[in-house]
Amino acid sequence: MPERILIVEDESSVAEAVSYTLEQEGFETQIARDGREALDAFEAAPPTLVILDLMLPGLSGWQLFTAFRRKRDVPIIMLTARTEEADRVAGLEMGADDYVPKPFSMRELVARVRTVLRRSQRGAEEDELLQTGDVQVDMGSHEVTVRGEAVALSPKEFDLLTALMRNAGRVRTREEIIASVWGEEEYLDQRTVDVHIRWLRQKIEADPGNPAHLLTVRGVGYKFVE
Ligand code: CA
């Protein structure tokens, strides 16, 4: 099911450019030019994510933000021409998922959208427990246990481990790993994956030089096995 994004912005050129770019990226979009339209659209078909400009005629972006949040816990990215740190902090304190100052590049916005969506989808899986062999991951508490002992991982190591464990037994290419751990919009040296795999092996393998779980598939990528 395509993800629907509601774009609340009165400046047509910005709204249309954002809408066009997101649709190219495979999202469905809807534009609302003021608070009233935005609330109607939100009620009629709840979006997966809202991009909300703070400077609007009528209801302000802040008022709208509060109104959306009262209705439903949908991820919200705020846009604004105001770049003061105070606004950014206020936006994040109110619970905005991200805050993008204008002018922004479309590539940056798409990257933020994907990151926020990924984070919110991860939130929905919170109580899940991943278990493969002697490695256990609690998605809610982010606790990792190996052979009965707690292991501390960095956020990227955690994402890398869970991305591989979710596909246990199947090989994942470096490109796929980068897309799920670092995001599709980041251009990253593939060796970064190798480095993180090495760090992860040191933490979860009994013998990191001779791994039993995190296997290299030469010329392709990596796979997690029991
Ligand atoms: Ca505006």
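**Helix packing and a metal site**

Mentor: Please keep in mind that this is a predicted model. In it, the axes of helix H6 (residues 155-165) and helix H7 (residues 174-181) come within 10 Å and cross at roughly 125 degrees. That angle makes H6 oblique to H7.

Trainee: Is the crossing of H6 and H7 left-handed or right-handed?

Mentor: The crossing of these two helices is right-handed.

Trainee: And which residues make the contact?

Mentor: H6 contributes Lys156, Asp159, Leu160, Ala163 and Leu164, while H7 contributes Ile177, Ser180 and Val181. Sorted by class, the contact of H6 with H7 has five nonpolar residues, one polar residue and two charged ones.

Trainee: What about H6 and helix H8, at what angle do they pack?

Mentor: H6 and helix H8 (residues 191-204) pack at about 85 degrees, and their axes are 10 Å apart. H6 is therefore roughly perpendicular to H8.

Trainee: Which residues meet there?

Mentor: From H6 they are Lys156, Glu157, Leu160, Leu161 and Leu164, and from H8 they are His196, Ile197, Trp199, Leu200, Lys203 and Ile204. The contact of H6 with H8 divides into seven nonpolar, one polar and three charged residues.

Trainee: How many residues of H6 are buried, then?

Mentor: Nine of the eleven residues of H6 are buried, so the helix is mostly covered. Among them are Glu157, Phe158, Asp159, Leu160 and Leu161. Thr162, Ala163, Leu164 and Met165 are buried as well.

Trainee: New topic: which residues are the protein donors of the calcium ion?

Mentor: The protein donors are Glu9 (OE), Asp10 (OD), Asp53 (OD) and Met55 (O), and they lie 2.1 to 2.6 Å from the ion. Along the chain, the donors of the calcium ion follow the spacing E-D-x42-D-x1-M.

Trainee: Where do Asp10 and Asp53 sit in the chain?

Mentor: Asp10 is in the loop between strand S1 (4-8) and helix H1 (12-24), whereas Asp53 is in strand S3 (residues 49-53). The two are 43 residues apart, and the pair links distant parts of the chain.

Trainee: And is Asp53 buried or exposed?

Mentor: Asp53 is buried, because its relative accessible area is 1%. Asp10 counts as partly exposed, because its relative accessibility is 32%.

Trainee: Let me ask about Gly61. Which residues does it touch?

Mentor: Leaving aside residues up to four places away in sequence, Gly61 touches Leu52, Asp53, Leu54 and Leu56. Asp53 in that list is also one of the calcium donors. Gly61 itself is found in helix H3 (residues 61-71), and it counts as buried because its relative accessibility is 0%.

Trainee: How far apart are Gly61 and Arg119?

Mentor: They are 58 residues apart in sequence and 23 Å apart in space, taken from C-alpha to C-alpha.

Trainee: To finish, how many helices and strands does the protein have?

Mentor: The secondary structure comes to eight helices and twelve strands. The C-alpha atoms fill a box of roughly 65 × 35 × 35 Å along the principal axes. Of the 226 residues, 42% count as buried.

Trainee: And what share of the contacts join residues at least 24 apart?

Mentor: That share is 57%, among contacts between residues at least 6 apart in sequence.

Note on methods: Residues numbered from 1 in each chain as written. Predicted model: local features only at pLDDT ≥ 70, side-chain atom pairs only at ≥ 80, totals over all residues. Heavy atoms only, no water. Axes fitted to C-alpha atoms, helices over the stretch in contact; angles between N-to-C directions. Helix = DSSP H or I, 4+ residues; strand = E, 2+ residues; numbered from the N terminus. Parallel < 35°, antiparallel > 145°, perpendicular 65-115°, else oblique. Left-handed = near helix turned anticlockwise from the far one by under 90°. Contact = heavy atoms within 4.5 Å. Nonpolar A, V, L, I, M, F, W, Y, C, P; charged D, E, K, R; others polar. Donors = N, O, S within 2.8 Å, 3.2 Å for Na, K, Ca; no water. Buried < 20%, exposed > 50% of the residue type's maximum accessible area, 1.4 Å probe, protein only.
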